[in-house]
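Hi,

Here is the structure I promised to pass on. My notes follow below it.

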Amino acid sequence: MEHTWFVSALWMGLALLSALLSMRLAISVALVEIIVGAIGGNWLGLAPTPWTNYLAGVGAILLTFLAGAEVDPEVIRRNFWSSIGIGIAGFVVPFFGVLWYAYYIAGWSWPQAQIAGLALSTTSVAVVYAVMTENGMNNTELGKIILAACFINDLGTVLVLGVLFANYNLWLVLFAGVTILAMWLLPKFVPFFFRKVGSRVSEPEIKFIFLVLFLLGGLSDMAKSEAVLPAYLIGMVLAPFFLGNKVLAQRMRVMAFTLLTPFYFLKAGALVKVDIVISAAGLIGIMLLIKIVTKFIGIWPLTKYFRFEKREGVYTTLLMCTGLTFGTICALFGVSNGIINSDQYTMLVAAVIASAVVPTLIAQRWFQPHIDINGGNDNV
Amino acid sequence: MYKKILHGMDGSDGSFKALSEAIALAKLYSAELHTVFVEEVPQYAGTIGEVIEEKASANGHYGKMMVKAQAMAEAEGIRLQSRAIVGHEVKTIVELVKRKSFDLLVIGFMGRSALYDRVMGSTCSSLVRLVPCSVLVVK
């Protein structure tokens, strides 16, 4: 590796610049890193290397684990049918809608169309959560139903990503078996083990989590599946423990956001070709439109069925049109495994980023449910 | 002349200077004095944790600022009603002024470069333009 430290300095410099811009603009550091990564990749010679790919890969695994660990099972249990119904519809209809368009109209191959369907079927739980924190809806029943539905939606995406491109052989059986066993054992073992080892500067707790994620990631590799699948599932089963142990979750986030996820998001941006974004702007717009239309076809009738007010129904559907982290994970999986080419990757990531912004702005501007400022987010 | 005064707090020296003026005006006109701190959470977040941590950090910041602000008001015998609201600075303050019918907004001037104001827009000038009451910008 030539000039390793200069290359490290370039990546970390861009990560620092992203953090400063994100503070100033009050926009998520993840989104800023993707945009700065695109600038770096197109004009500053920022190119992924084997070691940055490794750090980005660990970043994706940790990011997915943390997303899973944020799922509050109590919220899903309390709003089971509405969240399951909206979550499944929010995944299935856009997946097939985008797949249909990419395969039959845009002329992508079947596996490429599947990646497009997956990347644009996601919902960004974090984007939704930020919007609802701002308007105080995160404390309302409707807000909790929307969040729970987003979790189910993403679970659908991760599960299908994990099995769609896998090799159906003994490795897959072994991978599935060990993952299910780990999901059953870990909620019992982790509280006991963490109590035993305690919180120390050598961080045995975090090392144990990494050990589990890397082992399952290795098995997923052997089965040609995706390491983010077990990471999300293990995060979900450990969520009750992590929700009660906020310090540990915070330590993991600090590690992730300092040294791992910047490599992931900068890489996701660096692979975007700006000239393709410009020349394929129409196609990107159509993909975004199909995502929004299919989300409406899937989710909006269900909001009627579950007796949401008209405005709340449109607001919920628009928020579930958002996407960011899981969308880029799917697109990056596609390009890293040679399923889609870099032009298709660029189009998908651009559509994913647009889906984080456009539906959010429309929802906030025209369909925000009325909440009393004193009853909602005042006096936090 | 003024019955309900709202002060915008961001923790800067300028906003504390503005608070001194607001306290003096509240005393002069026997007006109600409120202060608001707007917490901006990151838009388009990558993880829920990012939002939670930014909000927790802002809450901590708010707590420290309010101890100082309350002490300043108490020293002048004024009751200061404080609130923190999550949202965009300008939009949140404009909505609050409208909903609670404040008749004066007092804010500190934040001296940034002309280029910054041109590119990013100035919070001060946006507030002066959008709130439906008088605005005092303290320099």
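From the N terminus on, chain B reads β-α-β-α-β-α-β-α-α-β. That gives 5 helices and 5 strands. Please keep in mind that this is a predicted model.

**Chain B: overall**

The C-alpha atoms of chain B fill a box of roughly 50 × 30 × 30 Å along the principal axes. The radius of gyration is 15 Å; a compact globule of 139 residues would have one near 14 Å, so chain B agrees with that. Buried residues account for 40% of the 139 residues in chain B. Of the contacts in chain B with a separation of 6 or more, 74% link residues 24 or more positions apart.

**Chain B: the sheet**

The strands of chain B form an open sheet of 5, in the order S3-S2-S1-S4-S5, with parallel pairing. S3 and strand S5 (134-138) of chain B are the edge strands, and each pairs on one side only. Direction ignored, neighbouring strands of this sheet are turned by 25° against each other on average.

At one end of that order, strand S4 (residues 104-108) of chain B runs parallel to S5(B), and 5 bridges join the two. One residue pair to look up: Ile107(B) has Val137(B) in S5(B) as its bridge partner.

Two helices to check against the sheet:

- H2(B) packs on the sheet and touches strand S1 (4-9), strand S2 (32-39) and S3 of chain B. The direction of H2(B) makes about 165° with that of S3(B).
- H3(B) also packs on the sheet, touching S1, S2, S3 and S4 of chain B. The direction of H3(B) makes about 150° with that of S2(B).

**The contact between the chains**

Chain A puts 31 residues into the contact, and chain B puts in 24. On the chain B side, the elements giving two or more residues are helix H2 (48-75), strand S3 (80-86) and helix H3 (89-100). H2(B) has the largest share, with 7 residues. By type, the chain B side divides into 10 nonpolar, 6 polar and 8 charged residues.

**Chain A: a covered helix**

Helix H15 (residues 310-319) of chain A is mostly covered, with 8 of its 10 residues buried. Among the buried ones are Glu312(A), Tyr315(A) and Leu318(A). The cover includes helix H7 (125-135), helix H8 (141-164), helix H14 (281-305) and helix H17 (342-366) of chain A.

**Chain A: confidence**

The mean pLDDT of chain A is 91, and 97% of the residues score at least 70. Confidence in chain A is highest in helix H6 (residues 110-119), at 97, and lowest in H7(A), at a mean of 83. Over residues 372-380 of chain A, pLDDT stays under 50. For that stretch the model has 20 contacts beyond four places in sequence.

**Two backbone angles to check**

Most residues other than glycine have a negative phi. Here are two exceptions.

- Ala26(A) has a positive phi of about 55°. Ala26(A) is in the loop between helix H1 (4-25) and helix H2 (29-43) of chain A. Ala26(A) counts as partly exposed because it has 15 C-beta neighbours inside 10 Å.
- Ser30(B) has a positive phi of about 50°. Ser30(B) is in the loop between helix H1 (13-29) and S2 of chain B. Ser30(B) has 9 C-beta neighbours inside 10 Å, so it counts as exposed.

Best wishes

Conventions:
Residues numbered from 1 in each chain as written. Chains lettered and ligands numbered in written order. Predicted model: local features only at pLDDT ≥ 70, side-chain atom pairs only at ≥ 80, totals over all residues. Contact = placed C-beta atoms within 7 Å. Helix = DSSP H or I, 4+ residues; strand = E, 2+ residues; numbered from the N terminus. Nonpolar A, V, L, I, M, F, W, Y, C, P; charged D, E, K, R; others polar. Pairing = 2+ DSSP bridges. Axes fitted to C-alpha atoms, helices over the stretch in contact; angles between N-to-C directions. Buried ≥ 20, exposed ≤ 12 C-beta atoms within 10 Å, placed from the backbone. pLDDT = per-residue confidence, 0-100. Rg over C-alpha atoms; globule rule 2.2 N^0.38 Å.
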